[in-house]
Amino acid sequence: MSTPVVFLLVLLVGAPSSGAAAVPTNADDAAAMQSIASSTGAAKSLGWGARSPDPCGGTWPGVRCDATTGRVVAINASRGGLSGTLPPGDLSLLTSLVELDLSFNEVGGRFELPRLRKPLPALRTLDLRSNRFLDIPDGFFSAFPALETFAIDDNDMADPTVLQDDVATCSHLRSFSANNVSMNDMFPNFFGNASLFPGLESLSLAGNQLFGVIRPDFGKNGKIKFLDVSAQHSSDGGKLGGILKFITGMENLVVLRVDHNSFFGQLPDATHILQTSGESTPPPTTCVVFPSFPRN
């Protein structure tokens with residue numbers, strides 16, 4: 001009888017507790033998370049800190065830690081009923097953070113995105129869709145050298161600017177989405193530079209106020225599969241237009257949306273595109289020429 005009992009004890013002692021850190025939680029991370037819980041209202045809406053002040057103790061919904069280091073590595077508070085602000089000083093302390101998802105909340109307080117005091121070298125995913133951020137400060141992207149996925153859609157911004165020298169520090173970008181943020185500027189052709197963004201696969205800038213032309217070499221030798229620049233509506237009459245020459249050089253393109261703009265001329269050879277979308281999404285392997293597409 002003794003052998004099964006000993007074996008059972010070994011199992012119980014050796015099994016880690018679900019959600020609990022195997023080492024003490026990093027003090028800076030704990031302090032930062034407690035401050036963020038207060039400033040964003042997560043203490044009330046998600047109960048952060050209600051049962052324990054330890055964010056790695058398994059009682060903070062959406063917070064994930066590395067049990068071997070006691071560091072916070074992921075925060076998923078999407079649709080968490082958050083509001084208020086995101087203090088840059090506190091966020092800067094979470095230097096092991098890999099994923100931050102605060103989408104579909106009311107965070108931002110009509111202030112610009114937080115410009116961090118020091119970088120978050122491990123952050124790969126940043127999702128801030130549908131919040132209340134007002135602008136993108138110069139130097140914002142330089143705090144995220146490992147960033148792969150960025151989404152800021154549906155923030156009611158005041159003419160935000162994405163600067164090439166800033167966002168180019170995120171050379172690992174795979175997806176960049178800034179739909180419906182009132183971006184009023186020349187089309188950012190630098191996103192199509194494969195030397196700057198060799199891994200970029202998805203670029204979505206729909207519903208803004210971009211104008212000018214998309215350069216013929218945009219996306220050449222790159223990996224962009226999804227491109228959505230539809231429905232640009234510049235308030236000063238500027239238009240996103242020209243001839244769609246760039247299509248032929250985008251060998252990996254799968255889905256393209258350019259509807260509700262001012263492009264003209266003959267549609268280039270796009271037989272390599274599986275879907276070309278106007279007002280609706282066609283079946284796969286279908287190339288649709290827009291009925292209203294103006295021609296010279």
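How many cavities of 30 Å³ or more does the count come to? I started with that question, and the count comes to 2. I note at the outset that I am working from a predicted model.

**Entry 1: overall figures**

I looked up the secondary structure and found 5 helices and 14 strands in the protein. Of the 296 residues, 46% are buried. I then took the contacts between residues at least 6 apart in sequence, and 65% of these join residues at least 24 apart. For the accessible surface I have about 14,100 Å². Carbon and sulfur atoms account for 54% of that surface.

**Entry 2: the largest cavity**

I went to the largest cavity and noted a volume of about 50 Å³. Its lining consists of Met-33, Ile-36, Thr-40, Trp-48, Ile-75, Leu-82, Leu-86, Leu-91, Leu-100 and Leu-102.

For the second largest cavity I have a volume of about 40 Å³. I listed Phe-191, Gly-192, Asn-193, Ala-194, Phe-197, Leu-200, Gly-219, Gly-222, Lys-223 and Ile-224 as the residues that line this cavity. By class they divide into 5 nonpolar, 4 polar and 1 charged.

**Entry 3: the second largest pocket**

I turned from cavities to pockets. The second largest pocket has a volume of about 160 Å³. Its lining has 13 residues, and those closest to the centre are Asn-189, Gly-192, Asn-193, Arg-215 and Asp-217. I classed the lining of this pocket as 4 nonpolar, 6 polar and 3 charged.

**Entry 4: cysteines**

How many disulfides does a search of the whole structure find? I ran through the whole structure and have 1 disulfide to record. Cys-56 and Cys-65 form it, with their sulfur atoms 2.0 Å apart. The angle about the S-S bond is -80°, and the link is left-handed.

I also checked the burial of the cysteines. Cys-56 has a relative accessibility of 1%, so I count this residue as buried. Cys-65, its partner, has a relative accessible area of 21% and is therefore partly exposed. The cut-off matters here, because buried means under 20%. I looked up Cys-170 as well, and it is buried, with a relative accessible area of 0%.

**Entry 5: Ser-103**

Where is Ser-103 found? I placed Ser-103 in the loop between strand S3, residues 99–101, and strand S4, residues 125–127. Is Ser-103 buried or exposed? Ser-103 counts as buried because its relative accessibility is 1%.

I then listed the contacts of Ser-103, leaving out residues up to four places away in sequence. Ser-103 touches Ala-77, Ser-78 and Arg-79, and also Asp-127, Leu-128, Arg-129 and Asn-131. Among these, Asp-127 falls within the range of strand S4, 125–127.

Definitions and conventions:
Residues numbered from 1 in each chain as written. Predicted model: local features only at pLDDT ≥ 70, side-chain atom pairs only at ≥ 80, totals over all residues. Heavy atoms only, no water. Helix = DSSP H or I, 4+ residues; strand = E, 2+ residues; numbered from the N terminus. Buried < 20%, exposed > 50% of the residue type's maximum accessible area, 1.4 Å probe, protein only. Contact = heavy atoms within 4.5 Å. 1 Å grid on protein atoms, 1.4 Å probe; cavity = no way out; pocket = protein on both sides within 12 Å on 5 of 7 lines; lining within 4 Å. Points joined across faces, edges and corners; volume = space filled by probe spheres on them. Nonpolar A, V, L, I, M, F, W, Y, C, P; charged D, E, K, R; others polar. Disulfide = S-S within 2.5 Å. Areas by Shrake-Rupley, 256 points an atom, 1.4 Å probe, with all protein chains shown as cover.
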